[in-house]
Amino acid sequence: MKKLLCLASILVISVVLAACGNNNSPATDRDHNANDNLNREPEQSKEDHISNARIKLTFDSKEVFVRMYDNPASKDFLAQLPLKATFEDYIGKEKISILQKKLSADDVQAGDLSKKGDFAYYTPWGNVAIFYKGFENATNDLIILGQIESGKENFENIDGDFTVRIEKMTK
């Protein structure tokens, strides 16, 4: 009797293990893929989202060129151009200017860490920021709008407020 019970138990365990190991049904694959997508970071890097749009910031006979990213907040910013903005230094790492009209940030994933050369938007204050030094303690409310291509060194030694003309570049 013990042998029969042991044999029956082994048979049941084998059937259960075989059923668990065979996940070829479309529903199981779909559920598995959905879970993978929820747990996986987006595969495209920030560089994959660079647009062809560029802006020029002009101040004190200096120019800075920024390549914009392709996201709704960047597009909303581009729609406000041209504009003049007054920038001020903030914590010795960035120059900021509060925009007259806040950008649409509803469909944009905030939370990027800033680095030197980033042109960003801080959603709670509604300001744009130019990072001339890295900022390792970034906030979740930061949306990177673009990356400075040239002239970032022009921001490092400016003291006090300064006015910048920002315009969209035509090819």
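Which strands are included in what covers the buried residues of α3? Point 2 takes this up.

1. Basis. This is a predicted model, where local features need pLDDT of at least 70, side-chain atom pairs count only at pLDDT 80 or more, and totals for chains, interfaces and linings use all residues. Residues are numbered from 1 along each chain as its sequence is written, and side-chain values use heavy atoms, leaving out hydrogens and water.

2. Helix α3. Helix α3 spans residues 72-79. Helices (H or I, at least four residues) and strands (E, at least two) are DSSP runs, numbered from the N terminus. A73, S74, D76, F77 and L78 are buried there. Buried means under 20% relative accessible area, exposed over 50%, partly exposed in between (1.4 Å probe, protein chains only). The cover over these residues includes β1 (50-59), β2 (62-69), β5 (118-122), β6 (127-131), β7 (142-150) and β8 (162-168).

3. Start of α3. Here a side-chain oxygen of N71 comes to within 3.1 Å of the backbone nitrogen of A73.

4. I148. This residue sits in strand β7. I148 is buried, at 5% relative accessible area. Leaving aside residues up to four places away in sequence, I148 touches V64, F65, V66, G117, I130 and F155; contact means heavy atoms within 4.5 Å. V66 is 82 residues from I148 along the chain, yet their C-alpha atoms are 4.2 Å apart.

5. K56. Strand β1 holds K56. K56 is buried, with a relative accessible area of 16%. Its side chain makes a polar contact of 3.4 Å with that of E63 (a pair of N or O atoms within 3.5 Å; within protein, one must be able to donate a hydrogen and the other to accept it, and residues adjacent in sequence count only if both atoms are side-chain atoms). Beyond residues up to four places away in sequence, K56 touches several residues, including R165, I166, E167 and M169.
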